[in-house]
Amino acid sequence: MVRSQHVPRLVVAAPSSGSGKTTVATGLMAAFSERGLAVSPHKAGPDYIDPGYHALATGRPGRNLDAFMCGPELVAPLFAHGAAGCDLAVVEGVMGLYDGAAGRGELASTAQVAKLLRAPVVLVVDASSQSRSVAALVHGFASFDPQVRLGGVILNKVGSDRHEAMLREALEEAGMPVLGVLRRAPQVAAPSRHLGLVPVAERRSDALSSVAALAEQVRAGCDLDALMALARTAPPLDCEAWSAEGPGTPDGPGQGTGAGAPAVVGGATGGRPVVAVAGGAAFTFSYAEHAELLTAAGAEVVTFDPLRDEALPDGTAGLVIGGGFPEVYAPELSANEPLRAAVAAFAAAGGPVAAECAGLLYLARSLDGKPMCGVLDADARMSERLTLGYREAVAVSDSALAATGTRLRGHEFHRTVIEPGASAAPAWGFTHPERRVEGFVQRGVHASYLHTHWAAEPSVARRFAQAAAAHR
């Protein structure tokens, strides 16, 4: 059992959203990867889109570290799992450094993740509208929590040589190292829309160019040697790396093996049932650990693209349709009538289906007036209102995914509504921040807006794999 994990690491944070964290983190990942280093990419919080750019920059899966959904005790083990064997790990923060789950103090903040990983923080500051005041800003962030170690600053959106000189002088007086200076460079910005950046899968060629430009910008403006030296000051992590295969209990939720030990799926179910997982441009939201847990539970995970494939993969015994942007591709998804019919037939036959957010919309009768799979007696449409936030949930109906009473934390992130919002047998009852029921359970289908991270409750992966084996 390996417990001491000594991977050099940095947390890239900022005073607020929009300061340039993704630009700097992705550029650093790409620049260090181009040096021949094995770079492990991570993202604090639940976001699915940034990790896609991280994966493009490093050639490794982008992994999330979410202390709300998975619990603080799993942050270091999940990090160690992703960073095993790497030369460097870069963690992109979420929102402002000290912003976390509403009303929960530091929970799920970048600062909490940095403390749990004992990692130095690099603060990315949008300096476009300040000069000497930058020192007061940085001093406040450095002194707010003495357990957060701010190792240096990268100044973003600097306007000129004179502007840079004023900023450096102010920060030198404050005793804060300047590790990089980036000038305004709109040509490397990734396009955005209603839920943030456009995912890599929708613009892969352009995304590759953007990542290459970010790497060049960071190489030119940042002291990579000083950043690597800072990363090497992170001490060893005394934790056991998370593993989908074990330890755990074969007959229920994994219980771990001691303080800080990760709970896992337990022994594999027999038969290697095929679990088809939706992918492609319309369904880009997934956590890498889900496929790893399903594989550990005995399933054979096969990806298919609902925009292109006219049939489910051969031997499909379970179907996972995660998040993404079906609203952007509603006409194309609707036009693929053979696959819609295959999904409907699979669900009608009692096949286990786990659908989150985009998957929920795809199973509906219609989306913005376009026919979908018709598995659910409900219609979906775009909305002006953004639904966003963490949720605490309990399963209120037995399903292929979760037994009644199973508790999970998750998040909602969508600009759509579905009517009705729940069936007679709802998927979840939300207990925080508001009380309501949500989602659909019928036959083998579990469909909901709630995004969840199965590493927090590996029993759901095992239960689903068992349902797939039984259906086959």
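Two strands are taken to pair if DSSP finds at least two bridges between them. By that criterion, seven strands form an open sheet in the order E4-E3-E5-E2-E6-E7-E8, and the pairing is parallel. Helices (H or I, at least four residues) and strands (E, at least two) are DSSP runs, numbered from the N terminus. The model is predicted: local features need pLDDT of at least 70, side-chain atom pairs count only at pLDDT 80 or more, and totals for chains, interfaces and linings use all residues. Residues are numbered from 1 along each chain as its sequence is written, and side-chain values use heavy atoms, with hydrogens and water left out.

- The edge strands are E4 (63–65) and E8, each of which pairs on one side only.
- From one strand to the next, the twist averages 25°; axes are lines fitted to C-alpha atoms, for helices over the stretch in contact, and angles run from 0 to 180 degrees between N-to-C directions.
- Strand E2 (residues 9–13) pairs with E6 in the parallel sense over three bridges, and Val 11 stands opposite Val 121 in E6.
- Helix H4 (residues 110–117) lies across E2, E3 (39–44), E4, E5 (88–92) and E6, and runs at about 170° to E2.

**Strand E7 and its neighbours**

- Eight of the nine residues of strand E7 (residues 150–158) are buried, where buried means under 20% relative accessible area, exposed over 50% and partly exposed in between (1.4 Å probe, protein chains only).
- Strand E6 (residues 121–126) is joined to E7 by six bridges, the two running parallel; Leu 123 has Val 153 in E7 as its bridge partner.
- Four bridges join E7 to strand E8 (residues 178–183), again in parallel, and Leu 155 has Val 181 in E8 as its bridge partner.
- From E7 the chain crosses through helix H6 (residues 161–173) to E8 in a right-handed β-α-β crossover.
- A right-handed β-α-β unit is also made by E6, helix H5 (residues 133–144) and E7; right-handed means that, with the strands pointing away from the viewer, the path from the first strand over the helix to the second runs clockwise.

- Asn 156 lies in strand E7 and is buried, with a relative accessible area of 6%.
- Leaving aside neighbours within four places in sequence, Asn 156 is in contact (heavy atoms within 4.5 Å) with Ser 19, Gly 20, Val 124, Val 125, Asp 126, Ala 127, Ser 128 and Leu 182.
- Asn 156 and Ala 127 are 29 residues apart in sequence, yet 5.8 Å apart in space, C-alpha to C-alpha.
- Glu 164, found in helix H6, counts as buried because its relative accessibility is 18%.
- Not counting residues up to four places away in sequence, Glu 164 touches Val 158, Val 181 and Arg 183.

- The largest nonpolar core has 117 residues, of which Leu 97, Leu 117, Val 138, Leu 155, Leu 227 and Trp 428 touch the most other members.
- Such a core is a set of buried Ala, Val, Leu, Ile, Met, Phe, Trp, Tyr and Cys residues joined through side-chain atoms within 4.5 Å.
- A second, separate core of 37 residues includes Phe 346, Leu 367, Leu 376 and Phe 440.
- H1 is mostly covered, with 11 of its 14 residues buried; among them are Lys 21, Thr 26 and Phe 32.
- H1 is followed by Gly 36, whose phi is positive, near 95°.
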